[in-house]
Amino acid sequence: MTFPIFLLACAAAASSGFFFKPGEWYAALNKPGFTPPNWVFPVAWTTLYLLLAWVGYRLTLIPGSETLLALWAAQIALNTLWTPVFFGAHRVLASMVILALLWLVVAVMLVMAMRLDVITGLILFPYLVWLSLAAALNFSILRHNR
């Protein structure tokens with residue numbers, strides 16, 4: 001019964017993209033050649049949010065996962081914060097700091113989850129890969145758009 005709660009938290013995070021869209025500002029930025037096409041972002045995030053809800057649910061079933069659940073809450077908060085800071089406030093440096101913290105939290109989550117439940121840890125792996133790409137993209141935008 002807890003899966004819908006995690007799904008709702010992910011939907012709340014995803015909704016920030018409804019309020020803070022990339023728009024003309026993002027389109028005008030110098031972006032690296034590895035920038036995914038625009039259609040990839042909603043597909044990737046929908047998939048990742050479903051996986052994150054599944055991770056949260058699985059963690060509730062694993063004894064001793066209290067710290068991981070706290071980290072799950074931290075990552076969804078940081079995830080939600082990035083969009084308004086980057087797309088809303090156009091604060092590329094601040095969004096890079098948020099993304100670095102988010103990456104670190106998810107990396108710690110992945111390592112800790114692997115110790116408790118390999119499947120849960122593996123479910124987090126695509127998220128960490130995507131965040132790595134997002135961090136490289138954010139960093140490139142920071143460097144080439146002063």
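Helix H5 spans residues 92-116 in this predicted model. The helix has 25 residues. From its first C-alpha to its last, H5 reaches 36 Å. That is close to the 36 Å expected at 1.5 Å a residue.

Much can be said about the buried side of H5. Its buried residues include Val-92, Ser-95, Met-96, Ile-98, Leu-99 and Leu-102. Further along, Val-105, Val-106, Ala-107, Met-109, Leu-110 and Ala-113 are buried too. What do the buried residues of H5 pack against? Their partners are helix H2 (23-28), H3, H4 and helix H6 (118-144).

Ala-113 is found in H5 and has a relative accessible area of 1%. Buried means under 20%, so Ala-113 counts as buried. Leaving aside residues up to four places away in sequence, Ala-113 touches Leu-68, Val-118, Thr-120, Gly-121 and Leu-124. Leu-52 lies 61 residues from Ala-113 along the chain, yet their C-alpha atoms are separated by 13 Å.

Now turn to two of the helices that H5 packs against, H3 and H4. H3 covers residues 40-61, and H4 covers residues 66-88. Their axes come within 10 Å and cross at roughly 155°. Angles over 145 degrees count as roughly antiparallel, so H3 is roughly antiparallel to H4. The crossing is left-handed.

Which residues make the contact? H3 supplies Trp-45, Tyr-49, Leu-52, Val-55, Gly-56, Leu-59 and Thr-60. H4 supplies Leu-68, Leu-69, Trp-72, Gln-75, Ile-76 and Asn-79. Nine of the contact residues are nonpolar and four are polar. None is charged.

Terms used. Residues are numbered from 1 along each chain as its sequence is written. This is a predicted model: local features need pLDDT of at least 70, side-chain atom pairs count only at pLDDT 80 or more; totals for chains, interfaces and linings use all residues. Side-chain values use heavy atoms; hydrogens and water are left out. Axes are lines fitted to C-alpha atoms, for helices over the stretch in contact, and angles run from 0 to 180 degrees between N-to-C directions. Helices (H or I, at least four residues) and strands (E, at least two) are DSSP runs, numbered from the N terminus. Angles under 35 degrees count as roughly parallel, over 145 as roughly antiparallel, 65 to 115 as roughly perpendicular and the rest as oblique. A crossing is left-handed if the near helix is turned anticlockwise from the far one by less than a right angle, and right-handed if clockwise. Contact means heavy atoms within 4.5 Å. Ala, Val, Leu, Ile, Met, Phe, Trp, Tyr, Cys and Pro count as nonpolar, Asp, Glu, Lys and Arg as charged, and the others, Gly among them, as polar. The expected span of a helix is 1.5 Å times one less than its number of residues. Buried means under 20% relative accessible area, exposed over 50%, partly exposed in between (1.4 Å probe, protein chains only).
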